[in-house]
Amino acid sequence: MKNGIAALLISAGLLLAVSGCAANQPEEQIPVSGKSDKRESVVYYEQADGYLVPVSVETDWGDDMLEGLLGYMVAGEQTNHALEESGLSAMLPADTVIAADFQDGTATVDIQSGRLSDMSEKRSENIVAAVVSTACQFDSVDAVQIRLNGEANKLGTVDISEPFENIDVNPAYAQDEGFSPVKVYYKTVDTGLMVPVTKYAPNPDASTVVRAMMKKHSDSELMTLLPEGVELISVETDSDGVVTVNFSKEILELNKSSEKEEKFFKGLRSALMNLEGVTDVVVLADGELYDCQVDTETVFGNKIVNYENFSEEQNS
């Protein structure tokens, strides 16, 4: 990796699996893992039903960090073993070699592989979305140019001739003219993995996002992050950009499971922080401040079985 990746790392944005390179996120000045030489980041894998799933990894902070992150998505014996218990699979074939460069706000990712010419439309779209979303974790990245074997033509069925400034992960349906993307979060019924889903609405605001997140997904394999019976009382945004979401008292059921509580609060915060001007999120339970017991401001991504050891081996 060459020309300016180090500068990109210094101003990297908070890693919350955002939908585009220009998302509104606070800048991060040090590795969020708390170690001077490590950083918690997010990479993407494919779930059996075809959904992209963000997974947290800890990687070295250095000039080749983007290449290293993308390398996690290449199939291999260690990768496959680390993912299999969670029902995930690697995005790129085992013969893949990745080179990444950053210049003038554009990250250029060259994927070298002889096994990516004949793919389904869904697989092609998922690979592009995974690469773009991984690169767009960094605040300094305005666009991502993908090349396949040095050529910016097509990756499977997807046109990659122009840089991608935004990408919609797991779109729930086709986008209508005049509608804007709204990224919300669900979890899989079988494994409980967090799944970002892109919906669309005209002029979406904080209320739109919360209501979209509460709405049952048409796919029965996905379920909402809220306890059953929760109702939305109000959503208000003050002049400082703080969104206050008031749910009915049933939201307190989350207190019984730190895992469910963490997933809900991270999902809600991530979805709302994608909105322009939002600076913070406060949750109320029937008008009273919800005392959240988990850290909701660290990297947003699934933590999966076997992956911690695999992450350490990749960085050794």
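**Exercise 1. Find which residues M73 contacts in this predicted model, leaving aside its neighbours within four places in sequence, and place M73 in the fold.**

Solution. Start with the contacts: beyond its neighbours within four places in sequence, M73 meets V43, Y44, Y45, A90, M91, L92, A130, V131 and T134. Next, look at where M73 sits, which is the loop between α2 (65-71) and α3 (77-84). Finally, consider accessibility: M73 has a relative accessibility of 0%, so it counts as buried.

**Exercise 2. Work out the strand order of the open four-stranded sheet, and say which strands stand at its edges.**

Solution. Begin with the order, which reads β12-β13-β14-β15, with mixed pairing. The edges are β12 (232-237) and β15 (288-289); each has a single partner strand, so one side of each has no neighbour in the sheet. Now take the pairing of β12 with β13 (residues 242-247): the two run antiparallel and are joined by five bridges. For a landmark on screen, pick L232, whose bridge partner in β13 is F247. Helix α6 (residues 258-273) lies across β13 and β14 (280-285), and runs at about 135° to β14.

**Exercise 3. Count the aromatic pairs in the whole structure, then describe the one formed by Y173 and Y200.**

Solution. A search of the whole structure gives four aromatic pairs. In the pair of Y173 and Y200, the ring centres are 5.8 Å apart and the planes make 65°, an edge-to-face arrangement. The two residues come from distant parts of the chain, 27 residues apart: Y173 is in the loop between β8 (158-159) and β9 (180-188), while Y200 is in strand β10 (residues 194-201). Their accessibilities complete the picture. Y173 is partly exposed, because its relative accessibility is 43%. Y200, with a relative accessible area of 9%, is buried.

**Exercise 4. Describe the aromatic pair of F265 and Y290, and name the ring cluster that includes them.**

Solution. Geometry comes first: this pair is tilted, at 4.9 Å centre to centre with 50° between the planes. F265 belongs to helix α6 and Y290 to the loop between β15 and α7 (307-315), so the pair ties together parts 25 residues apart in sequence. F265 is buried at 9% relative accessibility, and Y290 is buried at 5%. Now widen the view: ring pairs link F247, F264, F265 and Y290 into a cluster.

**Exercise 5. Decide how far the nearest side chain of opposite charge is from the buried K187.**

Solution. First locate K187, in strand β9. The nearest side chain of opposite charge is E259, 7.4 Å away. A salt bridge needs the charged atoms within 4 Å, and K187 has none. To see what does surround K187, look beyond four places in sequence: its contacts include E221, L222, M223 and K260.

**Exercise 6. Place I304 in the fold and find what it touches.**

Solution. I304 is in the loop between β15 and α7. At 10% relative accessibility, I304 is buried. Among the residues it touches, not counting those up to four places away in sequence, are V55, A82, L83 and L193. The C-alpha atoms of I304 and V55 are separated by 7.4 Å, although the two are 249 residues apart along the chain.

How values were computed: Residues numbered from 1 in each chain as written. Predicted model: local features only at pLDDT ≥ 70, side-chain atom pairs only at ≥ 80, totals over all residues. Heavy atoms only, no water. Pairing = 2+ DSSP bridges. Contact = heavy atoms within 4.5 Å. Axes fitted to C-alpha atoms, helices over the stretch in contact; angles between N-to-C directions. Phe/Tyr/Trp six-rings, centres within 6.5 Å; stacked < 30°, edge-to-face > 60°. Buried < 20%, exposed > 50% of the residue type's maximum accessible area, 1.4 Å probe, protein only. Lys, Arg positive; Asp, Glu negative; His and termini not counted.
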